[in-house]
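Here are some notes to read beside the structure, written for someone who is new to this kind of description. Please keep the sequence and the 3D view open while you go through the points.

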Amino acid sequence: SVVVISSIFSCQQNDSTTITPPRPYDEVYLEDLAKIEDFLATHYVTVDADYNTTFTQIPTGGTQTPISQMSNLEHIERDIHEITYKIYYLKLREGSGEITTPVDSTFVSYKGSTFTNTTTNNVVTYSQNVFDQSQTPIWFSLEDVIRGWGEVIPQFKTGSHLANPDGTVSFQNYGAGVMFLPSGLGYFNSATSSIASYTPLIFNFIFLG
């Protein structure tokens with residue numbers, strides 16, 4: 001697995017990171033919301049047995065159900081930066097254990113990606129880029145990562161675990177989902193080699209504990 005832990009942490013920067021003068025949060029948010037909602041309306045999702053997701057653009061004339069029409073697409077609203085953010089997330093499985101808070105430590109595996117679109121002959125085509133993933137679960141405090149995680153993860157519950165005779169641990173009934181974050185709840189005007197300034201983000205995650 002590929003692990004680039006610093007990418008989900010809001011306070012860490014590296015030598016390849018540049019800071020651009022910030023634009024108004026409300027202006028950027030309207031742009032981000034339009035991009036996210038268009039992505040949800042033009043893509044469908046497939047989910048495997050381990051709750052890994054694949055997003056595919058619906059072809060012209062396609063009959064697949066867009067994410068925007070899925071019954072398990074939910075959203076919350078949060079007043080941050082003097083605006084009201086609408087935060088979409090897919091609840092693939094709620095989990096059966098405890099509910100966490102934005103100040104708790106969590107045990108999570110995840111995959112983070114960006115999406116961009118280009119228009120050619122009035123046809124919009126999306127491309128996606130995975131910038132970070134950890135297939136092996138890691139511990140981190142929700143206070144130390146980007147703001148969107150602290151808002152979405154508490155909408156899910158932990159799972160249960162069982163110690164195996166060989167010393168390993170099996171997890172069951174854990175929470176699993178996908179969050180679609182506007183840049184104001186991600187990295188906003190911070191840019192890295194793989195994430196441009198003002199970029200909405202998608203995180204597929206499994207919430208074990």
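1. A salt bridge is here a side-chain nitrogen of Lys or Arg within 4 Å of a carboxyl oxygen of Asp or Glu. Arg 23, Glu 27 and Glu 31 are joined by such bridges into a network, and the structure as a whole holds six salt bridges.

2. A word on the source: this is a predicted model, in which local features need pLDDT of at least 70 and side-chain atom pairs count only at pLDDT 80 or more, while totals for chains, interfaces and linings use all residues. Residues are numbered from 1 along each chain as its sequence is written, and side-chain values use heavy atoms, with hydrogens and water left out.

3. Helices (H or I, at least four residues) and strands (E, at least two) are DSSP runs, numbered from the N terminus. What does the salt bridge between Glu 74 and Lys 91 tie together? The closest N and O atoms of this pair are 4.0 Å apart, and because Glu 74 lies in strand E4 (residues 73–80) and Lys 91 in strand E5 (residues 83–93), the bridge ties together parts that are 17 residues apart in sequence. On accessibility, buried means under 20% relative accessible area, exposed over 50%, and partly exposed in between (1.4 Å probe, protein chains only); Lys 91 is buried at 16%, whereas Glu 74, at 29%, is partly exposed.

4. Glu 151 takes part in a salt bridge with Arg 78, with 2.9 Å between the closest N and O atoms. This pair links distant parts of the chain, since Glu 151 sits in helix H2 (residues 147–152) and Arg 78 in strand E4, 73 residues apart. Glu 151 is buried, with a relative accessible area of 11%, and Arg 78 is partly exposed at 27%. Glu 151 also forms a salt bridge with Arg 147, where the closest N and O atoms are 3.0 Å apart; both of these residues lie in H2, four residues apart, or about one turn of the helix. Arg 147 counts as partly exposed, at 44% relative accessibility.

5. Two strands pair if DSSP finds at least two bridges between them. Strand E12 (residues 201–207) pairs in the antiparallel sense with strand E6 (residues 105–120) over seven bridges, and Val 108 stands opposite Phe 207 of E12. Strand E10 (residues 175–181) is also an antiparallel partner of E12 over seven bridges, with Ala 176 opposite Ile 206. Is E12 covered on one face or on both? Both faces are covered, with Leu 201, Phe 203, Phe 205 and Phe 207 buried on one side and Ile 202, Asn 204 and Ile 206 buried on the other.

6. A nonpolar core is a set of buried Ala, Val, Leu, Ile, Met, Phe, Trp, Tyr and Cys residues joined through side-chain atoms within 4.5 Å. The largest one here has 50 residues, and those with the most contacts inside it are Trp 149, Phe 180, Phe 203 and Phe 205. The elements giving two or more residues to this core include helix H1 (25–42), E4, H2, E10 and E12, while E5 provides the largest share, seven residues. Leaving aside neighbours within four places in sequence, Phe 180 is in contact (heavy atoms within 4.5 Å) with residues including Ile 36, Phe 55, Tyr 88 and Leu 201.
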